[in-house]
Amino acid sequence: MLAVGKAAAHMAAVVLQRLPQDIDGLIVTRQGYGLDDFAPQHLRLIEASHPVPDAEGAQAAILALQAADNLQEGDLLLVLMSGGASALMPCPAGGLTLAEKQSITRALLHSGAPIGKMNVVRKHLSAIKGGHLAARAWPAATHMIAISDIPGDDPAMIGSGPTLPDPASCADTLAILDEYGIAVPDTIAAQLRDGRLETPKPDAQEMARTTWDLCARPADMCAAACTLVAEHGYEPIMLGDALEGDALALGRDHAAQALKLKAQGRKAALISGGEATVTVRNRQGRGGRCTAYLLACAIALRDAQGISGFAADSDGIDGSEDNAGAFLWPGILAAMGGAQQAQAHLENDNSYLAFQQAEALLMTGPSGTNVNDLRVLLVE
């Protein structure tokens with residue numbers, strides 16, 4: 001059994017109750033995301049860096065591939081997958097060094113590229129993602145049980161799909177790198193051009209024994225939110241569970257919709273899930289996509305009465321900070337030092353600092369799951 005992602009320890013703790021006591025395996029999760037009272041025999045726990053990979057994660061990838069190589073036709077590789085796995089288990093391909101992989105990852109994170117395109121690149125620069133793990137395990141069977149943190153729930157995108165075939169090509173990868181101005185070493189570019197870094201495709205023999213199931217989705221979280229707000233007398237208005245695009249534009253759009261509902265005299269809750277993007281210009285700035293969204297929303301609302309809400313990442317971490325997200329309410333701009341100061345924080349990619357000044361950060365710690373972001377605006 002291989003459990004990897006921000007929810008890996010929690011998933012493993014539940015699944016192990018249904019498996020033989022002597023099962024072998026590996027649990028790979030984010031630093032600080034283990035369980036204090038969970039130390040199963042025969043399973044090794046590795047805590048690695050996220051969102052930028054590190055040597056511990058690279059060692060975990062090597063161990064996972066070595067285990068896959070030892071499997072036989074009658075064996076099963078059970079993979080418990082959750083968001084964060086792309087960074088937590090790096091295995092650079094094509095002679096790429098870990099340092100080069102880290103540099104490319106940082107550039108992708110700052111580029112504003114949506115997660116789907118980021119993962120196409122990750123797959124083609126990896127020896128474990130994009131189906132390579134299942135190919136190494138073949139002829140053993142591979143089954144993935146996943147918590148989806150991907151807009152649209154494409155299972156091949158969760159954790160960059162180490163057990164599932166990849167329909168994207170090296171040419172697609174080059175186009176994405178060019179679109180977002182991501183530099184890679186010349187040797188890697190050459191291998192992408194001649195197809196040496198291609199990933200296993202759906203018709204490959206090594207992909208014939210791989211299957212999957214989803215056990216939780218962003219849609220489930222949003223549906224639960226709709227039920228809860230309705231119980232408190234709000235009209236739930238579901239904007240979608242897979243919203244993408246620029247976080248600042250999304251925040252301003254949702255503020256406009258909330259103001260319109262307010263003018264109509266409706267008591268409603270605007271609810272949305274998905275994964276917005278932030279194009280980072282200040283590399284020293286602090287903040288994630290949820291606080292960036294919410295700060296743009298707060299500025300557009302101009303402290304309008306009767307509108308409050310929050311935005312948070314369900315895994316408990318917004319980007320690379322220590323908060324899950326933040327709250328807003330009428331008067332929060334004043335708590336940030338005024339609208340001008342709030343705007344300055346937004347322009348300098350310091351949304352975290354704005355909400356910290358207002359004592360409005362949402363701090364949960366590791367949640368044990370990862371079904372992407374939740375945004376809720378309550379209109380009275």
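Two strands count as paired if DSSP finds at least two bridges between them. Helices (H or I, at least four residues) and strands (E, at least two) are DSSP runs, numbered from the N terminus. The model is predicted: local features need pLDDT of at least 70 and side-chain atom pairs count only at pLDDT 80 or more, while totals for chains, interfaces and linings use all residues. Residues are numbered from 1 along each chain as its sequence is written, and side-chain values use heavy atoms, with hydrogens and water left out.

**View 1. The mixed sheet is open and has six strands.** The strand order is β7-β8-β12-β9-β10-β11, and the pairing is mixed. At the edges stand β7 (235-243) and β11 (361-362); each has a single partner strand, so one side of each is left without a neighbour in the sheet. Strands of a sheet pair through backbone hydrogen bonds, either parallel or antiparallel.

**View 2. Antiparallel pairs join β12, β9, β10 and β11.** Seven bridges link β9 (residues 307-313) to β12 (residues 373-379) in the antiparallel sense, and Ile 307 stands opposite Val 379 of β12. β9 also pairs with β10 in the antiparallel sense, over four bridges; here Gly 309 faces Leu 328 in β10. Between β10 and β11 the pairing is antiparallel over two bridges, and the bridge partner of Gly 325 is Leu 362 in β11.

View 3. Axes are lines fitted to C-alpha atoms, for helices over the stretch in contact, and angles run from 0 to 180 degrees between N-to-C directions. Contact means heavy atoms within 4.5 Å.

**View 4. Helix α10 crosses helix α11.** The axes of α10 (residues 247-263) and α11 come within 7 Å and cross at roughly 40 degrees. The two helices are therefore oblique to each other (angles under 35 degrees count as roughly parallel, over 145 as roughly antiparallel, 65 to 115 as roughly perpendicular and the rest as oblique). The crossing is right-handed; a crossing is left-handed if the near helix is turned anticlockwise from the far one by less than a right angle, and right-handed if clockwise. Residues making the contact include Leu 248, Gly 251, Ala 255 and Leu 259 of α10, and Ala 292, Tyr 293, Ala 296 and Leu 301 of α11. The contact residues divide into twelve nonpolar, two polar and two charged. Ala, Val, Leu, Ile, Met, Phe, Trp, Tyr, Cys and Pro count as nonpolar, Asp, Glu, Lys and Arg as charged, and the others, Gly among them, as polar.

**View 5. A salt bridge joins Glu 235 and Arg 266.** Their closest N and O atoms are 2.7 Å apart. A salt bridge is a side-chain nitrogen of Lys or Arg within 4 Å of a carboxyl oxygen of Asp or Glu, and by this rule the count comes to 13. Glu 235 lies in β7 and Arg 266 in the loop between α10 and β8, so the pair ties together parts that are 31 residues apart in sequence.

**View 6. The parallel sheet is open and has six strands.** Its order is β3-β2-β1-β4-β5-β6. The edge strands, β3 (43-48) and β6 (210-216), each pair on one side only. From one strand to the next, the twist averages 15 degrees. Strands β4 (residues 76-81) and β5 (residues 141-147) run parallel and are joined by six bridges, with Met 81 opposite Ala 146 in β5.

**View 7. Helix α5 crosses helix α7.** The axes of α5 (residues 115-124) and α7 (residues 170-179) come within 9 Å and cross at roughly 125 degrees, which makes α5 oblique to α7. The crossing is left-handed. Among the contact residues are Val 120 and His 124 of α5 and Thr 173 and Ile 176 of α7; the contact residues divide into five nonpolar, two polar and three charged.

**View 8. Loops hold Pro 51, Pro 139 and Ser 160.** A cis peptide bond joins His 50 and Pro 51, with omega about 10 degrees; Pro 51 is in the loop between β3 and α2 (55-69). Another cis bond joins Trp 138 and Pro 139, with omega about 15 degrees, and Pro 139 is in the loop between α6 (132-137) and β5. Ser 160, in the loop between β5 and α7, has a positive phi near 65 degrees. Most residues other than glycine have a negative phi, and most peptide bonds are trans.
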